[in-house]
Amino acid sequence: SVIASVVQRARSGQCPIIWYHYAKTADLIKEHGGIKVWRAGESPVKTPHLCAMSIPSHGEGLNLQQWGRGIVLEPPSTGKAWEQLLGRLHRVGSPFDEIWFEVAQATESQVGAYYSALGDARFVESVMGQRQKLLLSRLV
């Protein structure tokens, strides 16, 4: 399954955050064991550790600059959501020169959401003139 692959990939990394959207996904991640799943209403600790966080609940307002890696299991489809999500780790004062986000692209909906967000970010950047973090990223 996609979730099993992401969990396995996360375990081989440097304490990344697995970003998810739906509560059911959180349940499935938790079934794999050994990963702290932070749910809506819970405030994650600031010390980097392998964990999963909710995009709607933790994707805004938190300073998670001590993490340098993230894996996005359920990619948001808007540029605004990506701007906030990337901004949790990519902040002034980060100990990292670069941050890394891996994005699950195993299903048509994951691919579609990502490309929808790219188009949205291009529009916002062209209209508002504000650089969008998603457009600064490198695809590898």
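**View 1. Contacts and overall fold of the predicted model.** Among contacts in the protein (heavy atoms within 4.5 Å) between residues at least 6 apart in sequence, 60% join residues at least 24 apart. This is a predicted model, in which local features need pLDDT of at least 70 and side-chain atom pairs count only at pLDDT 80 or more, while totals for chains, interfaces and linings use all residues. Residues are numbered from 1 along each chain as its sequence is written, and side-chain values use heavy atoms, with hydrogens and water left out. Six helices and five strands make up the secondary structure, taken as DSSP runs numbered from the N terminus (helices H or I, at least four residues; strands E, at least two), and from that terminus the elements follow the order α-β-α-β-β-α-β-α-β-α-α.

**View 2. The largest nonpolar core.** A nonpolar core is a set of buried Ala, Val, Leu, Ile, Met, Phe, Trp, Tyr and Cys residues joined through side-chain atoms within 4.5 Å, where buried means under 20% relative accessible area (1.4 Å probe, protein chains only). The largest has 20 residues, of which Ile17, Trp19, Met53, Leu64, Trp82 and Leu134 touch the most other members. Two or more residues each come from β1 (17–20), β3 (51–54), α4 (79–89) and α5 (108–128). Apart from this core lies another, of 15 residues, among them Val7, Ile29, Leu50 and Leu73.

**View 3. The surroundings of Ile17.** Leaving aside residues up to four places away in sequence, Ile17 touches Cys51, Met53, Leu64, Trp67, Arg69, Gly70, Ile71 and Leu89. Across the protein, 41% of the 140 residues count as buried.

Conventions. Buried means under 20% relative accessible area, exposed over 50%, partly exposed in between (1.4 Å probe, protein chains only).
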